[in-house]
Amino acid sequence: MSYILSLETATKTCSVALHRNQQLLAMQDFHLDKSHSSILHPLLSDMLSYCEVDKAQLHAVALSMGPGSYTGLRIGTSAAKGLCYALDIPLIAINTLEAMAYGLQPYNFHKAILCPMLDARRMEVYYQLRDASGQQIQETTPLVLEKDSFDRYLQSQEIWFFGDGSDKYQPLLQGVENARFIAGIQPSAANIGMLAQKKLEQQLFEDVAYFEPFYLKEFRTTKPKKK
C-alpha cells in the first residue's frame, strides 16, 4: 500500500491531493491568486487529518514541476523538499501541462489533439501537444500566439485548447472548424498524483538536494519608477 501526497502550485490554483495505490482519497483546491504561501501547509495538514493518515505513512511527495508562476513553483518546491527531507521519502516531479492533458484524456472521444496552455503574459503562452493516447507530439515550449500558429494540425485534425492561456487565443480562431476551446480547466494535484504512481513504481525520483522547478523562462524583475 503506497500513499502519495501531491502538490500543485504552478498557477494561481493551490491544490493538494492524497492517493493510495492510484485511488484518490482526498483533494482540496483553492483558486485564489497569491495565496499559496499562507494556505498550502494548512491545506496539507487538514487533508491528512481528515483522511486519518500520518505524515510518517507517506511513501512519496509528488510535485507539479512547471512551467508556471515563478513564485508559485518556488513555494511548492520548498514545501515538497521539506517534507521529503523530514520524512526521508522520494520526490516525484510531474510536468504541469502533461497533468492537465491527462485529466482530459478520458473525455477525448473525438481523438483530438490535446493542447494545454498556461498564460505567460501578453500574447505568450506555455504549451504542449499530446495525442489521444497521451503520447507527446510537441514538447513544452513558450509560444507567441498568432492566428496560424497551429495551422499544420488544424487543417486535418481537431485540437482541444484549454487552460488559462487558451482564453486569449480563442478570439483569434473564431470560425476555425477544428479548433475547440474547453473552459474551466485548471491544474489539479489529483492528476499529479495519478501520474506520480507510475514513476513511484519505476523509481523515477528527483534528487531532492538539487531539484529545481521547470521555469522555462528566466525570472524577470522590473525596476521601480523614479519619483
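Biologist: In this predicted model, with which residue does Arg-180 form a salt bridge, and how far apart are the closest N and O atoms?

Modeller: A salt bridge is counted when a side-chain nitrogen of Lys or Arg lies within 4 Å of a carboxyl oxygen of Asp or Glu. Here Arg-180 pairs with Glu-158, with 3.9 Å between the closest N and O atoms. Arg-180 belongs to strand β10 and Glu-158 to the loop between α4 (151–154) and β9, so the pair ties together parts that are 22 residues apart in sequence.

Biologist: Are Arg-180 and Glu-158 buried or partly exposed?

Modeller: Buried means under 20% relative accessible area. Glu-158 counts as buried because its relative accessibility is 15%, whereas Arg-180, at 33%, counts as partly exposed.

Biologist: How many salt bridges are there by this rule, and which residue does Asp-119 meet in one?

Modeller: The count is four. Among them, Asp-119 meets Lys-168 at 2.4 Å, N to O; this pair links strand β6 (residues 113–119) with the loop between β9 and β10, across 49 residues. Another joins Arg-130 and Glu-98 at 3.8 Å, linking strand β7 (residues 124–130) to helix α3 (residues 96–104).

Biologist: Which residues form a nonpolar patch on the surface?

Modeller: Met-123, Val-144 and Leu-172 do, and together they have about 220 Å² of accessible area. Leu-172 sits in the loop between β9 (159–162) and β10 (179–182), and its relative accessible area of 31% makes it partly exposed.

Key: Residues numbered from 1 in each chain as written. Predicted model: local features only at pLDDT ≥ 70, side-chain atom pairs only at ≥ 80, totals over all residues. Heavy atoms only, no water. Patch = residues over 30% accessible without salt bridge, like charges linked within 9 Å, V, L, I, M, F, W, Y side chains within 5 Å. Areas by Shrake-Rupley, 256 points an atom, 1.4 Å probe, with all protein chains shown as cover. Helix = DSSP H or I, 4+ residues; strand = E, 2+ residues; numbered from the N terminus. Buried < 20%, exposed > 50% of the residue type's maximum accessible area, 1.4 Å probe, protein only.
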